[in-house]
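Reader: Hey, could you walk me through this one? I'm new to reading structures.

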Amino acid sequence: MSAPAVAEHDLGNLGYPNRKLGFWIFLGSECMLFGALIGAYMSYVGKSLVGPYPADLFDIGITTWSTFTLLMSSFTMVLALHYVRQGSRRLGGVWLAATALGGLIFLGFQSFEFTHFYHAGLSLQKNLFGTTFFVLTGFHGAHVSGGVLWLTSLFVMNARGLLGPEKALDVEICGLYWHFVDIVWIVLFTVVYLLEFAK
Amino acid sequence: MIEIGLILPGSKAWYGAKVQWLIPMIVPILLSLTVVKFMAVVGFFMHLRHDRGGPRLVFFAPLVLAFLMILALMLLYRTLL
């Protein structure tokens, strides 16, 4: 996909949209936030003194499905941006809704997983695994929730005819956020689930 | 795939051997796909391939810093390394 054309008033002194550059700086700070949380999780892997332990709880099948849903929503986000740029209100709306739905399904899987783990005896206070796991994946889930709200607001704007090619940068910035949430989950799925599965 | 081997009795042993061969490969394959997906999303979906200079720096510098921080913590706490 080629780089998008932006309105002249959106461009800053660097010849790059100010809002987009500001958002990249925000995403950079988010990298540090998740780096700290992942670092804390990795520091305490296998150091819980009491159960339940990851091996007792993880269901790699369910998590793989939720991961698949989230990764596919990244693709629908690309389609949403494409059709908003083209000025197709109907298809732009369809793919924005599909992306939000993908996020909601992922959150449903996460809620199910959290509930299942809680009933199996894992809580924030139970052991090091519980503390680091819930904080790490909970923060990510909060980010997905924020993304779903953002997408929903764009969907409503689109339905009211307030989102056209001239507003494509709004959708692109939301897309940057959504793709970031997607790649954070790729890393979390690897370090939390796959490495446990590999043992 | 194990279930397929049970449904098709004649090929059970063949599938069993195939699964045994695959099990140690699953994680490296998934890890490789993870790296490919990560690069595809950052480079193409997020358009960083087209954005030179500033945006690349403000994203990749903290990303590398975060990675080094995770590595340092893992070394400090002697986990997985």
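**Where two helices meet**

Author: Let's begin with a helix pair. In helix 4 of chain A, the residues A:R89, A:G92, A:G93, A:L96, A:A97, A:T99, A:A100, A:G103, A:L104, A:F106, A:L107 and A:Q110 meet A:T137, A:G141, A:V144, A:S145, A:G147, A:V148, A:L151, A:T152, A:L154, A:F155, A:N158 and A:A159 in helix 5 of chain A. Two residues are in contact if their C-beta atoms, placed from the backbone, lie within 7 Å. Helices (H or I, at least four residues) and strands (E, at least two) are DSSP runs, numbered from the N terminus.

Reader: OK, and is this an experiment or a prediction, and how's the numbering done?

Author: This is a predicted model: local features need pLDDT of at least 70, side-chain atom pairs count only at pLDDT 80 or more, and totals for chains, interfaces and linings use all residues. Residues are numbered from 1 along each chain as its sequence is written, while chains are lettered from A and ligands numbered from 1 in the order in which they are written.

Reader: What angle do the axes of helix 4 and helix 5 of chain A cross at?

Author: Roughly 155°, and the axes come within 9 Å. Axes are lines fitted to C-alpha atoms, for helices over the stretch in contact, and angles run from 0 to 180 degrees between N-to-C directions. That crossing makes helix 4 of chain A roughly antiparallel to helix 5 of chain A (angles under 35 degrees count as roughly parallel, over 145 as roughly antiparallel, 65 to 115 as roughly perpendicular and the rest as oblique).

Reader: What does A:G92 touch?

Author: Leaving out residues up to four places away in sequence, A:G92 touches A:A80, A:Y83, A:V84, A:N158 and A:L163.

Reader: Zooming out, how many helices and strands does chain A have?

Author: Chain A has six helices and zero strands. Of its 199 residues, 37% are buried.

Reader: And how many residues of chain A are in contact with chain B?

Author: 33 residues of chain A are in contact with 30 residues of chain B. Helix 1 of chain A gives the most to that side of chain A, with 15 residues.

Methods: Buried ≥ 20, exposed ≤ 12 C-beta atoms within 10 Å, placed from the backbone.
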